[in-house]
Amino acid sequence: MSTRLTPTHIQPIGQELAIAWSDGTESYLPLEALRRACPCAACGGEPDVLGHVIRPQVSYTPASFVLNSFQIVGSYALQPAWADGHGTGLYTFPHLRRIAAAAPADHHS
Ligand SMILES: [Zn+2]
């Protein structure tokens with residue numbers, strides 16, 4: 001039995017990315033939080049062991065938080081393509097879960 005969590009369904013809904021996981025839970029990731037947690041080298045969004053994200057100064061525009069498209073890479077990561085042309089961030093599934101855990105979910109019980 002594998003306990004590895006994988007998304008079974010991913011769908012952008014408004015300003016969020018809804019993810020249904022293989023354990024039956026769902027995550028709603030605000031696109032802005034998702035972009036700000038971009039783990040690529042340029043953004044440096046990799047969290048430390050305490051979950052804090054220390055990153056260089058990155059300038060965003062409104063287009064930075066608009067999702068153009070996304071794809072699953074190697075069945076272990078999500079790669080979003082943002083409207084400002086950025087698309088090098090590979091969000092591993094555990095990383096997505098951490099972002100979801102840190103993001104407010106005030107409109108879901
Ligand atoms: Zn990035």
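Colleague: Which residues make up the largest nonpolar core?

Modeller: In soluble globular proteins, nonpolar side chains tend to be buried together. Here the largest nonpolar core has 11 residues in all, namely Leu 17, Ile 19, Leu 29, Leu 34, Ala 37, Cys 38, Leu 78, Tyr 91, Leu 96, Ile 99 and Ala 100. Such a core is a set of buried Ala, Val, Leu, Ile, Met, Phe, Trp, Tyr and Cys residues joined through C-beta atoms within 7 Å. A residue is buried if 20 or more other C-beta atoms lie within 10 Å of its own, exposed if 12 or fewer, and partly exposed in between, with C-beta atoms placed from the backbone. This is a predicted model, in which local features need pLDDT of at least 70 and side-chain atom pairs count only at pLDDT 80 or more, while totals for chains, interfaces and linings use all residues. Residues are numbered from 1 along each chain as its sequence is written.

Colleague: Which residues of α2 are buried, and which are exposed?

Modeller: Leu 96, Ile 99 and Ala 100 are buried; seen down the axis of α2, they fall within an arc of 100° (taken from the directions from the helix axis to the C-beta atoms), so they line one face of the helix. Pro 94 and Ala 101, on the other side of α2, are exposed.

Technical notes: Helices (H or I, at least four residues) and strands (E, at least two) are DSSP runs, numbered from the N terminus.
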